[in-house]
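This report is for a reader meeting the structure for the first time. Please look over the sequence and the model before reading on.

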Amino acid sequence: MVDNLPSFSPCDALVAVMVGVSASDQNLRTAELVAIERAVNHTPVFANYDIDRIRAISQTVISLFEEEDGLDALFGLVRDSLPERMYETAYLLACDVAASDGRLGEVEAEMLAEIRDQLDIDRLHSVAIEFATRARHRIL
């Protein structure tokens, strides 16, 4: 049972989604953590965000993943904290983190599908986001 959940700011919710994708396979890779930090440092929505919050949000997400209903609780926090117009931004950031290490495992792909479902991302929009992510992370 998930009790005493913290409240998230909208930016905390975006970080939580990114951490959720990274932690979904129980292996937070360095490239993924760097991608999260890079997103926070360079994405306009995080202009006034305290980067030191990443650690606390990460710990919250990891703790939630250890609970039976933790994933549902995480998405409840995200939906409660994040304006609906930012759902696609959350999905885009999640895709960038998932692609950052050059591999998309089955568990991460399932987590991205869950994010699409939980945030009700239009399928056409999700395909466009995924295409752009693949193009951005392609190597020679």
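This is a predicted model: local features need pLDDT of at least 70, side-chain atom pairs count only at pLDDT 80 or more; totals for chains, interfaces and linings use all residues.

**The core**

The largest nonpolar core has 41 residues. Those with the most contacts inside it are Val 15, Met 18, Phe 46, Tyr 49, Leu 82, Leu 112 and Ile 115. Two or more residues of this core come from each of H1, H2, H3, H4, helix H5 (87–99) and helix H6 (106–118). H1 gives the largest share, nine residues. In soluble globular proteins, nonpolar side chains tend to be buried together.

One of the core residues with the most contacts is Leu 82. Apart from neighbours within four places in sequence, Leu 82 is in contact with Pro 10, Ala 13, Leu 14, Tyr 87 and Ala 90.

Helix H3 covers residues 53–65 and reaches 18 Å from its first C-alpha to its last, close to the 18 Å expected for its 13 residues at 1.5 Å a residue. Its buried residues are Ile 54, Ile 57, Ser 58, Thr 60, Val 61 and Leu 64. They lie on the same side of H3, because they cover an arc of only 160 degrees around the axis. An α-helix has 3.6 residues a turn, so residues three or four places apart point the same way. The cover over the buried residues of H3 includes helix H1 (10–23), helix H2 (30–42) and helix H4 (70–81).

H5 also has 13 residues and reaches 18 Å, close to the 18 Å expected. Buried in H5 are Tyr 87, Ala 90, Tyr 91, Leu 93, Ala 94, Cys 95, Asp 96, Val 97 and Ala 98. These pack against H1, H2, H4, H6 and helix H7 (123–137).

**Salt bridges**

The structure holds six salt bridges.

| Pair | Closest N and O atoms |
|---|---|
| Asp 12 and Arg 53 | 2.7 Å |
| Asp 25 and Arg 29 | 2.8 Å |
| Arg 136 and Asp 96 | 2.8 Å |

Arg 136 lies in helix H7 and Asp 96 in helix H5, so this pair ties together parts that are 40 residues apart in sequence. Arg 136 is partly exposed, at 46% relative accessible area, whereas Asp 96 is buried, at 18%.

The salt bridge of Asp 12 with Arg 53 joins helix H1 to helix H3, so it ties together parts that are 41 residues apart in sequence. Is Asp 12 buried or exposed? Asp 12 counts as buried because its relative accessibility is 3%, under the 20% limit. Arg 53 is partly exposed, at 31%.

Asp 25 is partly exposed, with a relative accessible area of 23%. A network of salt bridges links Asp 25, Arg 29 and Asp 101.

Key:
Residues are numbered from 1 along each chain as its sequence is written. Side-chain values use heavy atoms; hydrogens and water are left out. Helices (H or I, at least four residues) and strands (E, at least two) are DSSP runs, numbered from the N terminus. The expected span of a helix is 1.5 Å times one less than its number of residues. Buried means under 20% relative accessible area, exposed over 50%, partly exposed in between (1.4 Å probe, protein chains only). The arc is that of the directions from the helix axis to the C-beta atoms. Contact means heavy atoms within 4.5 Å. A nonpolar core is a set of buried Ala, Val, Leu, Ile, Met, Phe, Trp, Tyr and Cys residues joined through side-chain atoms within 4.5 Å. A salt bridge is a side-chain nitrogen of Lys or Arg within 4 Å of a carboxyl oxygen of Asp or Glu.
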